[in-house]
Amino acid sequence: MFKKSLKVFSVGLITVMMSSLLAGCGGGSPASSSSDIKIGVIYELTGGTASFGTAAANGAKLAAKEINAKGGVLGKQIQMVVADNKSEPSESSNAMTKVISQDKVVAVTGFTVSSNAIAASTVAEDNKIPFVAAATTNPKVTLDEKTGKAKNYVFRVCFIDPFQGTVGANFILNTLKLQKAAIMIDNSSDYSKGLSKFFKEAYTKGNGTIVAEEAYLQKDQDFKTILVKIKSTNPDVIYVPGYYEEVGKIVKQARELGITAPFVGGDGWDSPKLVEIGTAAALNNTFMTNHYSVEDTSSASKAFVDAYKKEYGQVPDAMAVLGYDAMYVLIDGIKRANSAEPGKIRDALAATKEYPAVTGKISLNENHDAVKSAVILELKDGKQTFKSTVNP
């Protein structure tokens, strides 16, 4: 009986010690306390889009560290409760449920993949907890399909795919001056299906012709059968609104088949892994629409890049800066609400106008989407180079 009691005591002690250690990791705060403001931070830290989620989480952590170093918000420190959605929609719902129900956060930020954010947004909405998405561009993240109105508690700091798809289409038609496009769609991704739809609408409206549409799935490895079909249609350009893991393989295999046409895609390309997978040479003559260019010369961008490089030893990508901006926009909402009550934070977020973020001034419209510019980037010898800025 004594041995059993000792064992139970030991397990309990270890649990308490582990909880204390984990709490001490949040947002630069030395330890959790009842006076902290708990913020859920949920990203793709493992799985197929971990490069996105890790970069965005690093941006969020840097923002929280800076805010805490300046005294926090409402006289309190931010305590980050970090969770991994494992790059899966079901795990995203689970992570959102955990931080709300168990950790008792007052608001949540995170997510770089639309399918994951769509799944988790239902949980935030049902529990009336404000959720600021960082880099999820599908309209269904903030829009309730049943009512056609904005979800009450869900917001985002990035542009959405109707705008991004139109920007990509107009760039191909007006700058590259290419009239025949093939599209490769990731049928397992809400992001890819949505972005391809909006691209196609804008491209055909501008008198472009779609000569082929082919589908693939995330985690596919061999794309040559599809690419041979596309090659036979002789497209001027190939539009691939996918994620970096598959895009890198698609472009590399296309070049191996002798396809020299330019490739164009969206913000899902933006990862250092893209060049590792696709190779710098194969990715020449490719372009992407994105949220941000590290070549931005504004004082806010320079300060962010310097701070991020000092903290993590690497140059930030767009996902990193959106994670950073999302945290700052959320904390600004708490500050303007003058309260850590979820309902009051929600109201303040809905009124966000002209917030001076690194990616540009952010105003949230009636659908809780950010109204902001996009940039066009070209890959040259493995490096992103700025082409142009497109205003909404």
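Which strands does helix α7 lie across? Helix α7 (residues 224-232) lies across β8, β9 and β10. It runs at about 175° to β9. Axes here are lines fitted to C-alpha atoms, for helices over the stretch in contact, with angles from 0 to 180 degrees between N-to-C directions. Contact means heavy atoms within 4.5 Å. Helices (H or I, at least four residues) and strands (E, at least two) are DSSP runs, numbered from the N terminus. Helix α6 (residues 190-205) also lies across β8, β9 and β10, at about 165° to β8.

This is a predicted model: local features need pLDDT of at least 70, side-chain atom pairs count only at pLDDT 80 or more, and totals for chains, interfaces and linings use all residues. Residues are numbered from 1 along each chain as its sequence is written, and side-chain values use heavy atoms, without hydrogens and water.

Now the sheet. Its 7 strands run in the order β9-β8-β10-β11-β12-β16-β17, open and with mixed pairing. Strands β9 (209-216) and β17 (383-390) stand at the edges with a single partner each, so one side of each lacks a neighbour in the sheet. The twist averages 25° from one strand to the next. Strands pair if DSSP finds at least two bridges between them. β11 (residues 263-265) and β12 (residues 286-290) pair in the parallel sense over 3 bridges. Gly265 stands opposite Met288 in β12.

Finally, confidence. pLDDT is the predictor's confidence in each residue, from 0 to 100. The chain mean is 92, and 91% of residues reach 70 or more. Over residues 1-33 the pLDDT is below 50.
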